[in-house]
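Here's a quick briefing to read alongside the model. Have the sequence and the 3D view open as you go.

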Amino acid sequence: MKKYTSKIEKNSIIPLSFYEQYAVKKGLRDDNGKGVLAGLTNISAIHSFDENDLPISGILEYRAINIKEITANLKLENRFGFEEITYLLLFGELPTADELATFTRKLAEKRQLPPDFVRDIILKATSKDVMNSISRSILTLATFDEKVGDLSLENVLDQSLNLIAIFPLLAIYAYQAYNHCENGASLYIHYPDENLTTAENILRLLRPDKAYTDIEAKVLDLALILHMEHGGGNNSTFTTHVVTSSGTDTYASVVASLSSLKGAKHGGANIKVAKMLADIYENVSNHSDETEISDYLHKILNKAAFDGKGLIYGMGHAIYTVSDPRAEVLKSYVKALAKEKGLEEDYQFYNRIERLAPDVIAKNHQIYKGVSANVDFYSGFVYQMLGLPEELYTPLFAIARIVGWSAHRMEEMLNMNKIIRPAYESVLSTKNYVKIEDRV
Ligand SMILES: CC(=O)SCCNC(=O)CCNC(=O)[C@H](O)C(C)(C)COP(=O)(O)OP(=O)(O)OC[C@H]1O[C@@H](n2cnc3c(N)ncnc32)[C@H](O)[C@@H]1OP(=O)(O)O
Ligand SMILES: O=C([O-])CC(=O)C(=O)O
């Protein structure tokens, strides 16, 4: 293989200077780190600079409503919000109490799989990679749908609602199947309860005794809400736009976005954060020695420790500068939860890394806009405290983000009607074909 990979490298690597020469925006990003404007949206807004272009604490709005206000109100009213915010993101306005009750019932009715699907599909060829198992299930579900390629708004909405409703089942059953077949654990396939919310059902399906506390379910509900949507440009949602513009079906579109989300630089970062924190904890002898921790973070950044990729996971963001508002909200819950679970030392350790990492990154990279903890930094710690297995961290992100993907798919269908097709400039000069006997 080495012989082939050397050829690929020799014939594929493009000098860095060419990108400047041809004015190509690497990663579709401007020099100052901002994304190239690729679309317009009504679904959400992200603010990280003020009117004078100075970095500010991040603001995220769902359909123009600040998520901090959304989550604070839900907390104040001690209510679950996943269904309500799904309604807001999909339909563009907050539901009345009656509309919410009807919509919640609709989602509950849709929360079921075809007969024998678990036995015939999910329990076969199990995998530690639950994201891949979900994709396999979704592509199989496409074969059950007689209207798979019907691209009318009504049908796409119906398909999207079906997938939003059954996503928790696909994720948790895939985990239970893996845990049983590969780890020898007992197999639990509980049915969802139509009177429970999405967050409650997730805990019910996962726990052997189906039990959970109200606080656990509310914290999970909050985490889901914070992960639901992040504009049209994030990697998985942009994937939705790209593949929707080609006219593909809803199942294929969701699988494409899932494939994007699982990447370690995107939604897959939450598992990496948990593993990285465990690695730092193991390799640093004094857990409150900031110099020793910084030195180890430098090693990670220099590809000499952890996974050798040079990334400090859970830190940095394509858009946010001073802070990611979702990380701030999660952190406030993490602090209280850690106290309740007697994990304050772990919380302090996370806190230390969060404080030290930006400096370490800034010393090694040119940072135009600042680096801070992103939503993935604390989410894994929350899931750990809820007793959720690592294999489900990224699937939980997907259970939430499919709502944003669905809203963006419909927005693309309604507004664009133009295939997304940017240009790539060839940097080679034309050559003649050489006959095989003349090749050296
Ligand atoms: C839900 C989400 O998707 S949130 C993001 C989850 N991902 C992670 O946590 C993975 C770690 N973080 C990262 O890899 C990056 O911060 C990203 C991919 C999220 C954003 O990267 P960029 O858009 O390149 O951010 P930015 O322009 O601020 O980066 C400037 C430089 O700092 C580097 N950098 C930024 N964050 C990090 C980090 N956490 N670790 C190491 N280097 C970093 C970038 O690679 C870039 O280096 P380069 O100029 O040599 O290419
Ligand atoms: O916006 C991005 O680039 C990454 C993302 O999806 C998020 O932060 O939720």
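In helix 11, the buried residues are S236, T237, F238, T239, T240, H241, V242, V243 and T244. That is 9 of the 11 residues in the 235-245 stretch, so helix 11 is largely enclosed by the rest of the structure. Keep in mind that this is a predicted model.

**Around helix 11**
- The buried residues of helix 11 pack against two partners, helix 12 and helix 18 (393-415).
- Just past the end of helix 11 sits G247, with a positive phi of about 90 degrees.

**Helix 7 against helix 12**
- Helix 12 (residues 250-261) also packs with helix 7 (residues 130-144), their axes lying 9 Å apart at an angle of about 170 degrees.
- Because angles over 145 degrees count that way, helix 7 is roughly antiparallel to helix 12.
- Helix 7 brings M131, I134, S135, I138, L139, L141 and A142 to the contact, while helix 12 brings Y251, V254, V255, L258 and S259.
- Sorted by class, the contact of helix 7 with helix 12 has 10 nonpolar and 2 polar residues, with no charged ones.

**Domains**
- The protein is split into domain 1 (80-262 + 408-414) and domain 2 (269-385).
- Taken over C-alpha atoms, the centres of domain 1 and domain 2 are 29 Å apart.
- Where the two touch, 5 residues of domain 1 are in contact with 8 residues of domain 2.
- The side of domain 1 that touches domain 2 has 4 nonpolar residues, 1 polar residue and no charged residues.

**Ligand surroundings**
- Ligand 1 has 24 residues around it, and G33, A269, M315, G316 and H365 come nearest.
- The surroundings of ligand 2 are made up of H230, N234, H317, A318, I319, N374 and V375.
- The shell around ligand 2 has 3 nonpolar and 4 polar residues, and no charged residues.

**S285, out on a loop**
- You'll find S285 in the loop between helix 13 (269-283) and helix 14 (290-301).
- S285 counts as exposed because it has 7 other C-beta atoms within 10 Å, and the cut-off for exposed is 12 or fewer.
- From C-alpha to C-alpha, S285 is 15 Å from R352, and the two are 67 residues apart in sequence.

Key: Residues are numbered from 1 along each chain as its sequence is written. Chains are lettered from A and ligands numbered from 1 in the order in which they are written. This is a predicted model: local features need pLDDT of at least 70, side-chain atom pairs count only at pLDDT 80 or more; totals for chains, interfaces and linings use all residues. Helices (H or I, at least four residues) and strands (E, at least two) are DSSP runs, numbered from the N terminus. A residue is buried if 20 or more other C-beta atoms lie within 10 Å of its own, exposed if 12 or fewer, and partly exposed in between; C-beta atoms are placed from the backbone. A residue is near a molecule or strand if its C-beta atom, placed from the backbone, lies within 6 Å of it. Ala, Val, Leu, Ile, Met, Phe, Trp, Tyr, Cys and Pro count as nonpolar, Asp, Glu, Lys and Arg as charged, and the others, Gly among them, as polar. Axes are lines fitted to C-alpha atoms, for helices over the stretch in contact, and angles run from 0 to 180 degrees between N-to-C directions. Angles under 35 degrees count as roughly parallel, over 145 as roughly antiparallel, 65 to 115 as roughly perpendicular and the rest as oblique. Two residues are in contact if their C-beta atoms, placed from the backbone, lie within 7 Å. Domain bounds come from an automatic or database domain assignment.
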